[in-house]
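Here is my short note on the model. Please read the points in order.

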Amino acid sequence: MTTTAEKQEFTFQAEIEQLLHILSESLYQNREIAIRELVSNASDALDKMRHVRLTDEQYRDDEPLEMTLEPNAENRTLTIRDNGIGMTRDELIENLGTIAHSGSLAFLNRLSGDARADLSLIGRFGVGFYSAFMLGQRVEVLSRSYREEAGWRWESDGSGRFTIEPHETLARGTAVTLHLKPDLDEFTRPERLKHIVRKYSTFVPHPVKLNGETLNEQRPIWVEPKTALSDDDYAAFYRHISHRVDEKPLWRLHLSSDSPLSFHAILFCPPTNLELLGFGRIEHGLSLCAKRILVQDDCRELLPEYLRFIVGLVDSDDLPLNVARESLQDNTIFRKIRRVLVKRVLDHLAKLAEDERETYETFYRQFGPALREGVATDFEYRESVAALLRFRSSREADAEALVALDQYVERMPEGQTQVYFLGGPDRRSLDSSPHLEAFRDRSLEVLLVTDPIDEIVLATLGRYRDKPLVSIDSAEVELPAGADKAAAEAEGAKPSERETTPSGFGRVLTLFREALRERVEDVRESSLLTGSPCRLVNPKGAASAQVQKLLATAGQELPLSRRVLEVNPRAPLIRRLCELSANAEHEEFIRDCGRQLHANVLLLEGLPLSPAETASRVERFLTE
Ligand code: ADP
Ligand code: MG
């Protein structure tokens, strides 16, 4: 039987082996981030110790909390030592033998080529410790937890296994020693280490010492007045807090308030949305400090879920230091701070949209999905979030141009009471949609959405500034009075010609109805269409075609609700069919036309057709 007093061998969780492999492949330039990750871990351990000392009598002492870098050129080692919280044996096994975030490896695996080489994001994935193996061919961790009298020695060469054995004479804290790989002697050079610490770790809130000299500034810049800070100060702080190296935030927000609440905050928006890159859900939060002291480094409750892409720090003088994670949300001050933060972020975005349109659109292309989530989940600020949404529009010549709902509402012609939108698989199908044609001819703007999520968002929203949001393939559409006249004039058609329904039209409708009995709810005359022969209209209250399609692909066995085929008596093709209908011989041909017109509409909407049936029908047409 083995006891914990003996040296014991363990295997890493399978994923770690793969991770170590990816790390060892990474580029030379990335190697300095290993120092940053180890310094950041030491800093976290010091934060935790400071917190324990402040909240638990029995561990109170005055020893300064700090870390030291101890290079040894002769032995070719580098040690990063801290007198922080330390680790027990179980903690060493748990923390240095498994990956906490299950999505991390999946993400790293998906990175390829240059992206894989750029591992600068590694700290974001909770796998920072393993970057030690980018520098060390062997890594040794000595650690003693503040709760224990003796310590432990952990060691691994990064090849899938690690060992743990007791190590009696240790001071509280952790020392990570890297036995440097060949050719990496530079990491024992003080100048090189100084440079790295100043580059990445200047805001670490504890002294980082090397040969007695403190290398970092440790400024709590969030309590300084904005005017005293430069863009570079903020950028450096961003790099510190986001673990993202050569990156500038897209925007920042520095808030300071004395009353009624006393708090400071710096919030940053990263330039890219990691979730769009396939990292799954972002699971981090803001750093929460009380009187400059970190109480929680991943406080996800400070902002609503949909704003989870924001990184930053919040510090309040009104929060107790020993506030527990579980009780945070019940804390009145905490809840008030959260409300202020959400409001200020949304105000900031609105202002950004107004003052710096391009930056806003860049932001929107990255974080639009977050805002759409906000519309669905933030009942309190729904309208403010909706105001931040952007859509493509039939009014804009540039297909990529983005339009806000406010802009749409402001340019609605008199008499228009609804906001019109149309969903479709892509822009080209939308442009040739018969629904759209009818609105274009009447000079009515339609928002064009090719992402079904946008359609769901619009449907969820229901109204904007009291105007119903209506999909133009729905029977709920109301046209402004006078729109038809405008359309007729635009088309230059003689009113008489437009108004008379050709004889035989009733017969054509009957034949269509017979042909499509199984597929549509009804066949009716259209009062709306101008040039197209027909369109499919959703009954009142039914989800639009795109939304139904989305539900269908999401595996929801929801049969497409049957729609009404509207036929346009003014379309040349239909007029011709009306003439043909006088002769009974043409009846089957007219029915086939009905089936084909129906199929065409489905095709434009990206809905499935029966290929065999369509092909044989087209053949019949060609023969005819
Ligand atoms: P993360 O820091 O994101 O949690 P890491 O891979 O960097 O992920 O570290 C894993 C865990 O190992 C940390 O969460 C911490 O519990 C523990 N750890 C690492 N370094 C130290 C240290 N110097 N002192 C105490 N605990 C540490
Ligand atoms: Mg870490």
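1. A residue is near a molecule or strand if one of its heavy atoms lies within 4 Å of it. By that test, twelve residues surround ligand 1. The closest are N41, D82, N95, G128 and F129.

2. A caveat on the source. This is a predicted model, in which local features need pLDDT of at least 70, side-chain atom pairs count only at pLDDT 80 or more, and totals for chains, interfaces and linings use all residues. Residues are numbered from 1 along each chain as its sequence is written, ligands are numbered from 1 in the order in which they are written, and side-chain values use heavy atoms, without hydrogens and water.

3. Polar contacts with the ligand (pairs of N or O atoms within 3.5 Å). D82 places a polar side-chain atom 2.9 Å from a nitrogen atom of ligand 1. The side chain of N95 has an N or O atom 3.1 Å from a ligand oxygen atom. For F129, a polar backbone atom lies 2.9 Å from an oxygen atom of ligand 1. Taken alone, ligand 1 exposes 530 Å² (Shrake-Rupley, 1.4 Å probe), and the protein buries 79% of that.

4. Shell make-up. Helix α2 (residues 32-55) gives the most, with three residues. Helices here are DSSP runs of H or I, at least four residues long.

5. Helix packing. The axes of α18 (residues 505-515) and α20 (residues 572-580) come within 8 Å and cross at roughly 95 degrees. Therefore α18 is roughly perpendicular to α20 (65 to 115 degrees). F505, V508 and F512 in α18 meet I574, L577 and C578 in α20, with contact meaning heavy atoms within 4.5 Å.

Terms used. Polar contact = N/O pair within 3.5 Å; in protein donor to acceptor, adjacent residues only side chain to side chain. Helix = DSSP H or I, 4+ residues; strand = E, 2+ residues; numbered from the N terminus. Axes fitted to C-alpha atoms, helices over the stretch in contact; angles between N-to-C directions. Parallel < 35°, antiparallel > 145°, perpendicular 65-115°, else oblique.
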